[in-house]
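Subject: Structure handover

Hello,

Here is the structure you asked for. My notes on it follow below.

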Amino acid sequence: MKKKLLLHVCCAPCAVYVIEKWRETYDVTLFFYNPNIHPEPEYLFRKKELEKISLKKGWQTVYPGHEMEEWFNRVKKHKGYEKEPERGKRCSLCFNIRLRKTFVYARDQGCEVVASTLSISPYKVTRQINEEGVELAEEFDIEFLAENFKKQDGYNIGRKMALSLGIKHQDYCGCVYSREERNKKTRLKEKF
Ligand code: SF4
């Protein structure tokens, strides 16, 4: 019998590549927990894209709710985190928040393995993601698949797969701070 894998999914485009790699080996359930996503309509947009493809592909997907306020409360406890750049300390906390909830659900549902799609993104530091995952794996006594999908050209392959399936991409990481960074860059481009 296949082991039960709970796969934390950040968005639909990142999920398509990762799930195809693991469906043969594991009994995969997707877990869309991303309280970092701001504002609410953006969260609903990303959720809808995943719902569409999950339905089409017959994926089993869990949506435990947004909980954006909780994410803000956790970040605000750390002075200066709102000014951290993408790939900084705030991101480690962000990964921890998302993965912790995934581990809690995995424990409650009797899943033997946890993983995340996060490492596929070239904008994220894989070491930061895997450090959080490995630490939580010890705490919960559940295996964590510390992957680096960037190395396998996962991002580009995944983008092509998503495009062919009509899945739309987002253009910033998720939180209000990454959105501000994106807006600043756009304004600069428009200026020059
Ligand atoms: S930039 Fe991305 S990973 Fe970092 S805190 Fe914001 S949403 Fe989380």
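Helix 4 (residues 89-109) contributes the most to the shell around the ligand, with 5 residues. Helices here are DSSP runs of H or I with at least four residues, strands are runs of E with at least two, and both are numbered from the N terminus. Around the ligand stand Asn36, Trp71, Glu86, Arg90, Cys91, Cys94, Phe95, Arg98, Cys173, Cys175 and Ser178; a residue is near a molecule if one of its heavy atoms lies within 4 Å of it. That shell divides into 6 nonpolar, 2 polar and 3 charged residues. Ala, Val, Leu, Ile, Met, Phe, Trp, Tyr, Cys and Pro count as nonpolar, Asp, Glu, Lys and Arg as charged, and the others, Gly among them, as polar.

Before the rest, two notes on the source. This is a predicted model, in which local features need pLDDT of at least 70 and side-chain atom pairs count only at pLDDT 80 or more, while totals for chains, interfaces and linings use all residues. Residues are numbered from 1 along each chain as its sequence is written, and side-chain values use heavy atoms, with hydrogens and water left out.

Next, the aromatic rings. The structure holds 12 aromatic pairs. Tryptophan 22 and tyrosine 26 form an edge-to-face pair, because their ring centres are 6.5 Å apart and their planes are at 90 degrees. Rings of Phe, Tyr and Trp (its six-membered ring) pair if their centres lie within 6.5 Å; planes under 30 degrees apart count as stacked, over 60 as edge-to-face and the rest as tilted. Tryptophan 22 is buried at 7% relative accessible area, and tyrosine 26 is buried at 14% (buried means under 20%, exposed over 50%, partly exposed in between, with a 1.4 Å probe and protein chains only). Ring pairs also join Tyr17, Trp22, Tyr26 and Phe149 into a cluster.

The rings of tryptophan 71 and tyrosine 177 have centres 6.4 Å apart and planes at 35 degrees, so this pair is tilted. The pair links distant parts of the chain, with tryptophan 71 in helix 3 (residues 68-76) and tyrosine 177 in helix 7 (residues 176-191), 106 residues apart. Both tryptophan 71 and tyrosine 177 are buried.

Two charged side chains lie over ring faces. Arginine 46 is over tyrosine 172, at 5.2 Å from the ring centre, and lysine 47 is over tyrosine 63, at 5.3 Å. The cut-offs are NZ of Lys or CZ of Arg within 6 Å of the ring centre and within 35 degrees of the ring normal.

Regards
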